[in-house]
Amino acid sequence: MIAAIPALVAAHPIAAALLAALLAFGLGLFHFSTLRHVTDLYLGKTRAVAKAALLQLARLALLVAVFVLLALAGAPMLLGGAVGLMAGRAVVLRRVKRAV
């Protein structure tokens, strides 16, 4: 099944890029929203450094895993994923700026 993905990307590159952008947008929302939680754990009164470090590693591992799979699927999916991730980042930053 996974071997068929590059063939599908080659047949429908725009649809693949849009699908990857949608997936990465959700990932970007999650990734950048949890950054504040990690920072609060590092700097908060409880100083839960071990929990913060594990959460940070989990966030980065998920991001790397998704983007490795997108890269293996082909350039349209990787580029769509990058656009989606940055769009998710922009949404989170806009929310944070309004809250401050």
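Patches here are made of residues with over 30% relative accessible area and no salt bridge, with like charges joined within 9 Å and nonpolar side chains (Val, Leu, Ile, Met, Phe, Trp, Tyr) within 5 Å. A salt bridge is a side-chain nitrogen of Lys or Arg within 4 Å of a carboxyl oxygen of Asp or Glu. You're looking at a predicted model, where local features need pLDDT of at least 70, side-chain atom pairs count only at pLDDT 80 or more, and totals for chains, interfaces and linings use all residues. Residues are numbered from 1 along each chain as its sequence is written, and side-chain values use heavy atoms, leaving out hydrogens and water.

Select Arg89, Arg94, Lys97 and Arg98 to start: together they make a surface patch of positive charge. Arg98 sits in helix H4 (residues 75–99) and is exposed (over 50% relative accessible area, 1.4 Å probe, protein chains only), at 67%.

Next, pick helix H3, residues 49–73. Color Ala52, Arg59, Leu63, Val66, Phe67, Leu70 and Ala73 in H3, which are buried (under 20% relative accessible area).

Now show Val64, Val68, Leu69 and Leu72, a nonpolar surface patch with about 400 Å² of accessible area together. Leu69 belongs to H3 and is exposed, with a relative accessible area of 56%. Step on to Gly74, which follows H3 and has a positive phi, near 130°.

Last stop: Leu35, in helix H2 (residues 13–43).

Key
Areas by Shrake-Rupley, 256 points an atom, 1.4 Å probe, with all protein chains shown as cover. Lys, Arg positive; Asp, Glu negative; His and termini not counted. Charge placed at Lys NZ, Arg CZ, Asp CG, Glu CD. Helix = DSSP H or I, 4+ residues; strand = E, 2+ residues; numbered from the N terminus. Expected span 1.5 Å × (residues − 1).
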